[in-house]
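Hi,

Here is the structure I promised to pass on.

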Amino acid sequence: MKRALLPLAAGTGAAWLLLAAAEPAGRPSFTDVAPRSKISYVTNNGFAGGRKFFPQPMCGGVAIFDFDNDGRLDIFFTNGASLPELTKKDKSYFNCLLRQTGGGAFEDITSRAGLSGEHLDFNFGVAAGDYDNDGFADLFLCGIGRNVLYHNNGDGTFTDVTAASGIGGKPADTLSIAAAWFDYDRDGLQDLFVSNYTLWNPKSDARCMMSDRDYYCDPRLYPSVPHQLFRNLGKGRFTEVTAKAGFAAAPGKGMGVSVADFNDDGWMDLFVAHDTEPNALFVNRKNGTFEEKGLELGVAYNENAQVGSSMGCDARDFNNDGKIDIFYNNLMGQIWQLLRNRGDLFQSYSSLSQVHKLSMPFSGWSNGFIDYNNDGWKDIYSANGDVDMMSEKSPQHDTLFENVDGKSFTDVSAGMGKDFLRKGYQRGSAFGDLNGDGALDIVVTSLNEPPRILLNSGAPGNHWLMLDLVGRKSARDAIGAKVKLTTAAGRVLYNHVAVSVGFMSSSDRRVHFGLGGEGKIASVEIVWPSGIRQVLKGVAAGRVLRVEEPEK
Amino acid sequence: MALLLFGQAASGQENAERILQGAIALHQAGEVERAIPQYRAYLKLRPDNGDARSNLGAALAGAGRFGEAIVQYREALRIRPGDPRIRLNLALAYYKLGRISDAAGEFSSLHRERPSDRQVLLLLADCWLRRGENQKVIQLLEEGAKQSPGDLAFAYLLGTALLRDKQVERAQQVIDPILRNGDSAEARLLLGTARLEALDFKAAIADLEQASRLNPKLPEVHSYLGRAHIQTGDTAAARRAFQKELELNPNDFESNLQLGALLRQDQDYDSARKLLARALQVRPGEFRAEFQLASVNLAAGRLNEARAGLESLIRRAPRFVEAHIALATVYYRLGRKADGDREKALAQKLTMEQRVRQYKVTRE
């Protein structure tokens, strides 16, 4: 052995050639149509320079849902509050309901609908769901102070029914970030899971400073808290079953929540992304209780047994193998996790799929598996932007990682158009086909900016199908209903009804399938949450198909 | 008969000498593979010739057969106890085989006897550096570096140890002569490692790539480049860099460890296991390598091997949080829920203790 310390010749290293990848013809892009409508909503987290408060980075939940059943998807946004007063002291903090008038144009009907929330404080997430099976989607809002259940009256207005429903209670100072409707006990009534984050109030706020400048404190300064489960008793009444169901014993710092039947036993389970704490996978034990098995099943930590800043999450079958996988994003420098469901446990697929490399520069918040180009493979969208405004790398653009044959992902963000690439501190996002062209659109909020309503230009030549599943024995929303679609050529695709997607947000519940170049469908098999199986033949592509749950 | 016998004996002696001379000639001509059987033939006739056995060891080492070389050197030392040349060769064979602890032991003993031997001193320092014993390297080299301020090898090794020991200012003073020497691979490597320490990964990659262009065979340059690439998430580039380092230096601990971990992520468990075993050969009992090896076994479903590895690791490193987490996972998967719960609770307790130590805030 000898360490060389010799005069050195000129470098002989190979020169790197950067070759720009050619964009495939027909790849869609996104255009922000929000400026075309009169929308006054701006996500307002109450930061006006100077003092920073811990909850401020989490603001701007989004719901895409058809509140008036006119066949056009509408949009709801949550908003922040003035701090430290913790009030929506003026209209700039009000929540917002946008009714679609057609073709991606919207009118603000917040006040008329009774949803401004002027008596509320800082709101985070929103969950849209028809809890009373009356055919109209209701809204549950999470926040710093009280959580709220709004009943959709079916006439364009909503009523705060929190007190009467028994759903709003929570321990003092609990920050509730997100919520998910689902029927955990298969009684045909949608129950509610609330993802709680920590205990906080303006007086207990830790102030973190560097060189006389505030920065948002590390969440590890704050305690974990239990999540909550509310059982739907029918007739608009709920009872809290948090302890009985096993959630009191498994606290965390809840962010995004995904509902799915991960172990394919016919009962809905829950994945909860935990910020700086081990993530949780609550497995439904079919007797009204859940067992937290995140560690055992390989979702709690990353591959090096370390926690990350898990943010939003989505659970879908990204490789069409019939098993529901999990994605959650993290802050920059950490690894966004794509967890492949092996059947018996989950295994990180981030490195093999390139998600590891692609995600390193980004801090992701909301996200979702969406087949943006209708090729039959679910891609990964992420709304990005760092926690704080600390460097030129902090404001970030969204990313779209295109799924290549269910095996790997490639970053196609650069080709998604300038509106998609707007840099900022993006937070909430939701998905749905706003203009009825079969391509999934995206609504995104950004801190202290107007939202973007990103219409997808569509992928010419690729076919699609949208299923509007209506439960009968199952709860009407049919959350978790599984769909297996087989094309005429024998290609098999999977998806399921999921509304709680990403972070603080609620997506259209209709089940979307991109079919690639195939326009013919051999069969559509639905497994309803009740366990009823239904097979449809002769389904035509290129439309929204409403399917009601059969008697048996 | 006597003559015959003598004649036979004389003929046998001449024959043996002829074989030995032939072996030496082949050895000197660089034809070690052909020299080896000749040496062996001679040693069958003269098994107690220590020089010939040492030569056979050298030929085997020259052929890359370090394990066999070690056997011969040890046998030679039995015949010629304490011979410093044979001990140096034995130490070098250990070093090449990745038995860095054994090599360090031999070099250490040689250094005690010959403290002014620069080669032994530098090799000993390098062994300790590879074992991560930075403080020992600093102690060993500081005096020598003062006495020979122009000796760039001293400066390089000492500067590296100081950087790894996070003594950045002192490192700066020591490595200044290297940097003043103009754009050299060594200077770039040191700059690159300093930038890596400062978490400036892009700048680190630029320096390290320049270092590798200036001297592609500079020890550890590709290893550090790999580590910098990992930090940017470019695992493919990291993999290439570690592979390059290992082609040049199969015993580089970090390359074996990091590439092993990457291959685990890629679910290439057999390859990962080989590299991690090599890392552990270089640094027996190193916690990170043991943890990675156990993690490979866990990921590959070899639960009992993972359990044994983690239990052993935790006995020696009871505050290794990640090891407790992995062991909890193993216990759960083995159906040992109570043990899993216990390890999980321990991991949570240790994490909380770490956080209490880590976070101090100003409250209004």
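This is a predicted model: local features need pLDDT of at least 70, side-chain atom pairs count only at pLDDT 80 or more; totals for chains, interfaces and linings use all residues.

B:Glu353 sits in helix H20 of chain B, which covers residues 337-358.

A:Ala48 counts as exposed, since 10 C-beta neighbours fall inside 10 Å and the limit is 12 or fewer. You'll find A:Ala48 in the loop that links strand E1 (30-32) and strand E2 (62-65) of chain A. From A:Ala48 to A:Ala178 is 130 residues in sequence and 25 Å in space, C-alpha to C-alpha.

Now for chain B as a whole. Its secondary structure amounts to 20 helices and one strand. Along the principal axes, the C-alpha atoms of chain B fill a box of roughly 105 × 60 × 35 Å. Of the 364 residues in chain B, 48% are buried. If you take the contacts in chain B with a separation of 6 or more, 40% of them are between residues 24 or more positions apart.

Chain B is divided into domain 1 (1-114) and domain 2 (276-364). How far apart do the C-alpha centres of domain 1 and domain 2 of chain B lie? They lie 46 Å apart. There is some contact between them: four residues of domain 1 of chain B touch five residues of domain 2 of chain B. On the domain 1 side, the residues split into one nonpolar, two polar and one charged.

One helix pair in chain B that I looked at is H13 (residues 221-232) with H15 (residues 253-265). The axes of H13 and H15 of chain B come within 9 Å and cross at roughly 35°. The crossing of H13(B) past H15(B) is left-handed. From H13(B), the residues involved are B:Ser223, B:Gly226, B:Arg227 and B:Ile230, and they meet B:Glu254, B:Ser255 and B:Gln258 in H15(B). By class, that contact has one nonpolar, four polar and two charged residues.

Next, where the two chains meet. Here 29 residues of chain A are in contact with 39 residues of chain B. On the chain A side, strand E12 (206-210), helix H4 (294-297) and helix H5 (355-359) each supply at least two residues. E12(A) gives the most to that side, with four residues. Sorted by class, the side of chain A that touches chain B has 14 nonpolar, eight polar and seven charged residues.

Finally, the strands of chain A. Strand E14 (residues 228-234) of chain A has five of its seven residues buried, so E14(A) is largely enclosed by the rest of the structure. Strand E11 (residues 191-199) of chain A pairs antiparallel with E14(A) over three bridges, and A:Val194 has A:Gln228 in E14(A) as its bridge partner. E14(A) also pairs with strand E15 (residues 237-240) of chain A, again in the antiparallel sense, over four bridges. In that pairing, A:Asn232 is bridged to A:Phe238 in E15(A). The hairpin of E14(A) and E15(A) has two residues between the strands, and A:Lys235 takes a positive phi near 55° there.

There is also an open sheet of four strands in chain A, with the order E24-E25-E26-E27 and antiparallel pairing. Why is one side of E24 and of E27 left without a neighbour in the sheet? Strand E24 (364-370) and strand E27 (408-411) of chain A stand at the edges and each has a single partner strand, so one side of each has no neighbour. From one strand to the next, the twist averages 25°. Within this sheet, three bridges join the antiparallel strands E25 (residues 379-384) and E26 (residues 399-404) of chain A. A:Tyr381 has A:Leu400 in E26(A) as its bridge partner.

Cheers

Definitions and conventions: Residues are numbered from 1 along each chain as its sequence is written. Chains are lettered from A and ligands numbered from 1 in the order in which they are written. A residue is buried if 20 or more other C-beta atoms lie within 10 Å of its own, exposed if 12 or fewer, and partly exposed in between; C-beta atoms are placed from the backbone. Two residues are in contact if their C-beta atoms, placed from the backbone, lie within 7 Å. Ala, Val, Leu, Ile, Met, Phe, Trp, Tyr, Cys and Pro count as nonpolar, Asp, Glu, Lys and Arg as charged, and the others, Gly among them, as polar. Axes are lines fitted to C-alpha atoms, for helices over the stretch in contact, and angles run from 0 to 180 degrees between N-to-C directions. A crossing is left-handed if the near helix is turned anticlockwise from the far one by less than a right angle, and right-handed if clockwise. Domain bounds come from an automatic or database domain assignment. Two strands pair if DSSP finds at least two bridges between them.
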